[in-house]
Every structure is written in C-alpha cells, then in structure tokens.
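Here is a brief report on one protein chain.

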Amino acid sequence: MAIEAILTGGTGQWMDSSDGQHFWFDSGSLALDFSYTGGLDRDGGEWQTVHDAKELNDWLTTRFPEVAPTAGDREFRDASALGSAIGRLARQQSGGAALGPDDVDVVNLFAATPDIPPVLAGGGRQAGRTNARPHQALSTIARDAVRLFSAEADGRIRECSADDCDLVYLDTSRSGNRRWCSMQRCGNRAKVRAHRARAAASTPPASA
C-alpha cells in the first residue's frame, strides 16, 4: 500500500509559538492535527490549541461541519485522552521506539465506536441522525490514527530537523525528504542561517 492510502484531505492549522510567531503547520494527518489540540504528548504546553469544551466544539465543527456543537466536560476529557495517546504514539514512532500498548488500546477503543458515516448527496430521503455527535468525530479521528501508525507510514512520521523545534509531522511528500515543520518557521530560519554563513565565508578578512 502506498503512502497515499493513509492520507486525509484538509489537514493543517495555524499555530502560535511562544516567541509570538503565527505560522501554518500542516502535520499531514487529521489525527496529528488533533493531537496538537492538547499540545501533542504534553499536558498543555506551548502548542495546546484547545483548552475547554467550547474550544473543542469550535475545532470539531470546523473540521466536521456535520457535527453538532454539543461537546461538554465529558467529551473534552475523552478528547484529551485520545489526543494525548495519539501524540505519545507519534513521538514514539518518530524516534523509532515501540508503540506503547496502553496508548494503542486508547486509539483502538475510540476507533471501535461509530464514526461519521459518508453521505452521498442527491438522495430524496435522510438516513440516520441530522447531526453527528462529537464522539463520532473522535472515532473518525481515531480511525485516521490507525492508518497513521500503520506499516505504510513507518519512517514517515518525523520530528522537525531544527535543533530548537520538536514538532512532529507525517511526511507526505513524494520524495519523502521533508525536513521542517513549516517553511514559514523553521525552514525560513534555516535559509537565513545558511545565507549568513555563505555571506560570512565570502567576506574577505579585514586588513590589519
């Protein structure tokens, strides 16, 4: 199975770093995007984007317009547990470590529940609920995580190459040589450093 088989459309989100930079970060995966709602594998921290049930509703309804914004404290706790499990698994796989069984169990538990079913437009009758529930969105995310951590993605889940960045992403490039979390952030900083190094090397030493 090719890498394209595990890809999902519409990935990426705006992030804010502690130094005030606002940049677009495409993790390459719906599940990885979701893990950053809780700061990837940390309890909060610099990259956390969702802090309560209201923000969870906002995130889910942006990604899944068919989901009713009815998430409460219980759904927020469940979302935090799923996001943290995905984040830890991503960190483990990016470092070449074995996947933690407890986190695998969490992903499998959510993936086993009903997800958001696909709908073909144009019919005259409505099947099922008018709006999906937040837990169905969590199931859809978990099923994406199952694909994410499949053998086809082995070696494609990586940490940004910048020494001072620990963002993790799925490399979806055809060449498989993505190095940076974002060209707007770490990629651009690397270009600036390389340019300065070349300029310094080409500058003749000052005469005594």
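Accessible areas come from the Shrake-Rupley method with a 1.4 Å probe. On that basis the chain exposes about 11,500 Å². Carbon and sulfur atoms supply 52% of that area. Keep in mind that this is a predicted model.

**Overall fold**

The chain has 208 residues, and 42% of them are buried. It holds 6 helices and 4 strands. Read from the N terminus, the order of elements is β-β-α-α-α-α-α-β-β-α. Take the contacts between residues at least 6 apart in sequence: 59% of these join residues at least 24 apart.

**Aromatic pairs**

The structure contains 4 aromatic pairs. Two of them are described here, starting with Phe-23 and Trp-47. Their planes stand at 90°, over the 60 degrees that edge-to-face requires, so this pair is edge-to-face. Phe-23 belongs to strand 2 (residues 22-25). Trp-47 sits in the loop between helix 1 (30-35) and helix 2 (53-63). The pair therefore ties together parts that are 24 residues apart in sequence. Both Phe-23 and Trp-47 are buried.

Phe-34 and Trp-59 also form an edge-to-face pair. Phe-34 lies in helix 1 and Trp-59 in helix 2, so this pair links parts that are 25 residues apart in sequence. Phe-34 is buried, at 0% relative accessible area. Trp-59 has 10% relative accessibility, so it counts as buried too.

| Pair | Centre to centre | Angle between planes |
|---|---|---|
| Phe-23 and Trp-47 | 6.0 Å | 90° |
| Phe-34 and Trp-59 | 5.4 Å | 65° |

The charged end of Arg-178 sits over the ring of Tyr-169, at 4.0 Å from the ring centre.

**Residues around the pairs**

Which residues does Ser-17 contact, leaving aside its neighbours within four places in sequence? They are Phe-23, Glu-46, Trp-47 and Arg-185. Ser-17 itself is in the loop between strand 1 (13-16) and strand 2. With a relative accessible area of 7%, Ser-17 is buried.

Asp-33 is in helix 1. Is Asp-33 buried or exposed? Its relative accessible area is 0%, so Asp-33 is buried. Beyond its neighbours within four places in sequence, Asp-33 contacts Thr-11, Gly-12, Gln-13, Ser-27, Trp-59 and Arg-63. Trp-59 in that list is the ring partner of Phe-34.

Lys-54 is a residue of helix 2. At 58% relative accessible area, Lys-54 is exposed. The C-alpha atoms of Lys-54 and Ala-71 are 7.4 Å apart, and the two residues are 17 apart along the chain.

**Helix packing**

Two packed helices are described by the angle between their axes and the distance between the axes. Helix 3 (residues 73-94) and helix 5 (residues 134-148) have axes that come within 11 Å. These axes cross at roughly 10°. Angles under 35 degrees count as roughly parallel, so helix 3 is roughly parallel to helix 5.

Which residues meet where helix 3 and helix 5 pack? Helix 3 contributes Arg-74, Glu-75, Asp-78, Ala-79, Leu-82, Ile-86 and Gln-93. Helix 5 contributes Pro-134, His-135, Leu-138, Ile-141, Ala-142, Ala-145 and Leu-148.

Definitions and conventions: Residues are numbered from 1 along each chain as its sequence is written. This is a predicted model: local features need pLDDT of at least 70, side-chain atom pairs count only at pLDDT 80 or more; totals for chains, interfaces and linings use all residues. Side-chain values use heavy atoms; hydrogens and water are left out. Rings of Phe, Tyr and Trp (its six-membered ring) pair if their centres lie within 6.5 Å; planes under 30 degrees apart count as stacked, over 60 as edge-to-face and the rest as tilted. Helices (H or I, at least four residues) and strands (E, at least two) are DSSP runs, numbered from the N terminus. Buried means under 20% relative accessible area, exposed over 50%, partly exposed in between (1.4 Å probe, protein chains only). A charge sits over a ring if NZ of Lys or CZ of Arg is within 6 Å of the ring centre and within 35 degrees of the ring normal. Contact means heavy atoms within 4.5 Å. Axes are lines fitted to C-alpha atoms, for helices over the stretch in contact, and angles run from 0 to 180 degrees between N-to-C directions. Angles under 35 degrees count as roughly parallel, over 145 as roughly antiparallel, 65 to 115 as roughly perpendicular and the rest as oblique.
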